[in-house]
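This report describes a single protein model together with its ligand. Please consult the sequence and structure shown here while reading.

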Amino acid sequence: MRLIIQATVVAVLLVYGPHVWSQHAEERIPAELLEAFHDLEAQATENPERMDHLIAEGRDRARFCNTCHGPDGSADRPNYPSLAGQDPLYLLDQFQQFASGEREKEWMNVLAEQFTTEEMVTLSIYYSQMSLVGADFDPELAEQGSMPYARYCTQCHGSDGLGGEGYARIAGQQPVYLKNVLREYRSGETSRRPSEMHGIVRALSDRDIESVAHHVASLGKNR
Ligand code: HEC
Ligand code: HEC
């Protein structure tokens, strides 16, 4: 009996404990999808022609996507996220969250449901290979945001905002999109999965959110 209780406690800790929030996208993506990604990525890294072909395929598949996400995934409208230069594992992780309905956004769910495994992988690699044309930002607010950014954000997204290892790249995103995301997390009204983000943004005032958003946008300058 004691053993069963102990085993249950361990199981509960494993499911709900800090592991849930160990946010490595690699640990969350279904094994089959991850394997397909690593296979294709390895082929493309070894063979530049394969990479060119993959990018052409991705660009073709993304024609419709770019009406909202901008040319080659650099968003040119304020409330849409850029996908260019994004971490490919972050993208893959988001695709499968949209496809499964875990993350909700009308259009994105309908689109992602139709993706094949190969399309998800191709689109992730294609967007990750594009260089981001960063968004416009207010330099004064960006400067004010550097302190709260260093204090609250660098730990996971890096001092350059480039993320990596499954963490989202945030540098150069549209300030309006960034503000919306932070507010969404702060209000708790979001279908984004539970993560440390929920706790962190609670410490931010409206002013912090405004300045941090511009600071993050400014990190995309010339990248
Ligand atoms: C009608 C506009 C629209 C179209 C078309 C569209 N998207 Fe989106 N997409 C959005 C919006 C809006 C969001 C942000 C959702 C949110 O705020 O949670 C988004 C989010 C995303 C994200 C998550 C980005 C992040 O930083 O978390 C990815 C990845 C994505 N879209 C990929 C695609 C792909 C691939 C296509 C084409 C097959 C596509 N989108 C087509 C509007 C669109
Ligand atoms: C302890 C780690 C951690 C810290 C610190 C952190 N984040 Fe995040 N952030 C995450 C994780 C994990 C996600 C992705 C969650 C998911 O998969 O849905 C994320 C997602 C985001 C996104 C959504 C990206 C997109 O493209 O939609 C933004 C924007 C963001 N964080 C900004 C910030 C800012 C600004 C700060 C500082 C105020 C911050 N984060 C601090 C872990 C962190």
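How many helices and how many strands does the protein chain have? The chain has 14 helices and zero strands.

## Overall architecture

The model is predicted. Along the sequence, the protein chain reads α-α-α-α-α-α-α-α-α-α-α-α-α-α, in keeping with its 14 helices and zero strands.

Of the 223 residues in the protein chain, 35% are buried. Where contacts join residues at least 6 apart in sequence, 75% of them link residues at least 24 apart.

## Surroundings of ligand 1

Ligand 1 is surrounded by 17 residues. The closest of these are Cys65, Cys68, Pro81, Lys105 and Trp107. By class, the shell around ligand 1 consists of 13 nonpolar residues, three polar residues and one charged residue.

Three helices each supply at least two residues of this shell: H5 (66–69), H6 (88–100) and H7 (106–113).

## Packing of H6 against H7

On the H6 side, Phe95, Phe98 and Ala99 take part, and they meet Met108, Asn109, Ala112 and Glu113 in H7. The contact of H6 with H7 comprises five nonpolar residues, one polar residue and one charged residue.

## Packing of H4 against H8

Helix H4 (residues 48–61) and helix H8 (residues 117–129) have axes that come within 8 Å and cross at roughly 100°.

From H4, the contact draws on Leu54, Ile55, Glu57, Gly58, Arg59 and Arg61, while H8 provides Glu119, Thr122, Leu123, Ile125, Tyr126 and Gln129. Five nonpolar, three polar and four charged residues make up the contact of H4 with H8.

## Packing of H12 against H14

The axes of helix H12 (residues 175–187) and helix H14 (residues 206–218) cross at roughly 135° and come within 9 Å. At this angle, H12 is oblique to H14. The crossing of H12 and H14 is right-handed.

H12 contributes Pro175, Leu178, Lys179, Leu182 and Arg183 to the contact, and H14 contributes Ile209, Glu210, Ala213, His214, Val216 and Ala217. The contact of H12 with H14 contains seven nonpolar residues, one polar residue and three charged residues.

## Individual residues

Aspartate 72 is located in the loop between H5 and H6. Aspartate 72 has 21 other C-beta atoms within 10 Å. The cut-off for a buried residue is 20 or more, so aspartate 72 is buried. The backbone of aspartate 72 has a phi near 50°, a positive value in a residue other than glycine. Most residues other than glycine have a negative phi.

Technical notes
Residues numbered from 1 in each chain as written. Chains lettered and ligands numbered in written order. Predicted model: local features only at pLDDT ≥ 70, side-chain atom pairs only at ≥ 80, totals over all residues. Axes fitted to C-alpha atoms, helices over the stretch in contact; angles between N-to-C directions. Helix = DSSP H or I, 4+ residues; strand = E, 2+ residues; numbered from the N terminus. Parallel < 35°, antiparallel > 145°, perpendicular 65-115°, else oblique. Left-handed = near helix turned anticlockwise from the far one by under 90°. Contact = placed C-beta atoms within 7 Å. Nonpolar A, V, L, I, M, F, W, Y, C, P; charged D, E, K, R; others polar. Near = placed C-beta within 6 Å. Buried ≥ 20, exposed ≤ 12 C-beta atoms within 10 Å, placed from the backbone.
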